[in-house]
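Hello,

Here is the structure I promised to pass on.

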Amino acid sequence: MARGKWLCSYKKTTLLVCFFNIAFALYVLRSLYASLYIYSGNVSRNVALYSPDQIRKMEESIQIRREFKPLELVKWVKAFEGEFSSENLAVELPRHLKQNIVDEILQRLRSLNSSSVDISKEREVVMSWRKEKLEEVKLALVKGTSNSTIPHEEAGMLGRALESDWDLFCEEIGLWIPAQVVNEEHDDKPEGVEDFEEEVLPGRPLSLECHAELHTDYDGAAVRWGLTHHKDSAADCCQACLDHAKHAKEGEKKCNTWVYCPSEFGCHSPDIYQHKHQECWLKYAEKPRLNFKDKYPEWYRNSHPSAPVIVPWVSGVISS
């Protein structure tokens with residue numbers, strides 16, 4: 001009886017498992033069928049949204065885009081990308097080759113023996129070395145026609161590197177020569193205007209009654225010699241002239257013209273004296289007239305080689 005009960009329970013268990021498997025399989029089939037039905041329904045609804053004429057126009061548009069696709073341009077772009085990538089690879093050299101190149105270029109630059117830095121000359125020397133090296137490499141690539149010490153394998157790499165982008169190659173080997181900057185001065189000065197630098201006279205400002213004129217030398221009889229009469233500034237020299245005219249005795253010549261040397265290097269004059277910085281000449285003239293103004297004339301400079309181009313004196317005529 002125990003054996004029969006055990007068999008009965010075993011059969012029941014088997015039937016239950018089979019029934020469960022069948023139910024699960026039916027559920028899976030139903031789910032797949034439902035999803036397929038929903039997808040086909042969506043497709044049919046989407047197709048139904050467009051009329052046959054609209055579908056035809058869309059197909060024509062797609063065809064036009066395919067026909068006007070720049071296939072030739074795409075081909076050229078791919079070719080250029082290949083060339084650029086090959087150039088970049090050509091610059092990559094073994095470490096010992098880079099070091100040899102840098103040593104040779106530095107040796108050429110040291111041979112300039114120039115105390116000042118001439119960027120254009122340095123670039124010229126480097127480009128000359130590049131040209132000579134390329135010729136040596138090309139000869140080395142032709143077997144049996146060169147006595148070059150460059151191995152044939154290295155000559156190929158070196159030739160490709162030297163013929164590639166030179167700026168990129170210099171950056172790769174660590175060589176940098178600054179760009180030459182050319183500064184151009186634009187002359188916007190009106191025609192006919194004298195070219196003088198703006199000057200600031202040392203000392204206190206000049207008063208209006210001094211009537212100061214830069215780069216002028218007035219003539220007149222000296223009432224006080226500047227060789228032994230020095231003043232700290234042009235304003236002081238002008239004040240000395242005013243004081244002299246104020247305190248002059250009757251019958252004496254009163255100062256009405258002053259001439260001052262503001263240059264630390266001295267001032268030129270057509271006489272035998274060496275006129276120094278801060279000389280203050282007090283003069284008198286019934287009708288003061290100019291000896292020189294702005295520049296010494298060319299005929300004068302020819303006869304006086306020591307004369308500068310610009311008149312260094314500062315003068316003024318005081319109204320009586």
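Arg 130 touches Leu 162, Glu 163, Ser 164 and Trp 166, leaving aside residues up to four places away in sequence; contact here means heavy atoms within 4.5 Å. This arginine, Arg 130, is found in helix α5. Arg 130 is buried, with a relative accessible area of 16%; buried means under 20% relative accessible area, exposed over 50%, and partly exposed in between, with a 1.4 Å probe and protein chains only.

Before going further, please note that this is a predicted model, in which local features need pLDDT of at least 70 and side-chain atom pairs count only at pLDDT 80 or more, while totals for chains, interfaces and linings use all residues. Residues are numbered from 1 along each chain as its sequence is written, and side-chain values use heavy atoms, with hydrogens and water left out.

The protein chain has nine helices and seven strands; these are DSSP runs numbered from the N terminus, helices being H or I with at least four residues and strands E with at least two. Of the 320 residues in the protein chain, 25% are buried. Among contacts with a separation of 6 or more, 70% are between residues 24 or more positions apart.

Back to α5 and its neighbours. The axes of α5 (residues 119–141) and α6 (residues 152–163) come within 9 Å and cross at roughly 140°. Axes are lines fitted to C-alpha atoms, for helices over the stretch in contact, and angles run from 0 to 180 degrees between N-to-C directions. The crossing of α5 and α6 is left-handed, meaning that the near helix is turned anticlockwise from the far one by less than a right angle (right-handed if clockwise). Residues of α5 in this contact include Trp 129, Arg 130 and Lys 133, and those of α6 include Leu 158, Leu 162 and Glu 163. By class, the contact of α5 with α6 has eight nonpolar, three polar and four charged residues; Ala, Val, Leu, Ile, Met, Phe, Trp, Tyr, Cys and Pro count as nonpolar, Asp, Glu, Lys and Arg as charged, and the others, Gly among them, as polar.

On another side of the story, helix α4 (residues 95–110) packs with α5 at an angle of about 130°, their axes 10 Å apart. That makes α4 oblique to α5; angles under 35 degrees count as roughly parallel, over 145 as roughly antiparallel, 65 to 115 as roughly perpendicular and the rest as oblique. The crossing of α4 and α5 is right-handed.

Which residues have the most contacts inside the largest nonpolar core? They are Ile 101, Ile 105 and Phe 169, in a core of 22 residues. A nonpolar core is a set of buried Ala, Val, Leu, Ile, Met, Phe, Trp, Tyr and Cys residues joined through side-chain atoms within 4.5 Å. Helices α4, α5, α6 and α7 (166–173) each supply at least two residues of this core, and α5 gives the most, with six.

Finally, Lys 231 lies in the loop between β3 (221–224) and α8 (234–247). Is Lys 231 buried or partly exposed? Lys 231 is partly exposed, with a relative accessible area of 26%. Residues touched by Lys 231 include Asp 236, Tyr 260 and Cys 280.

Best wishes
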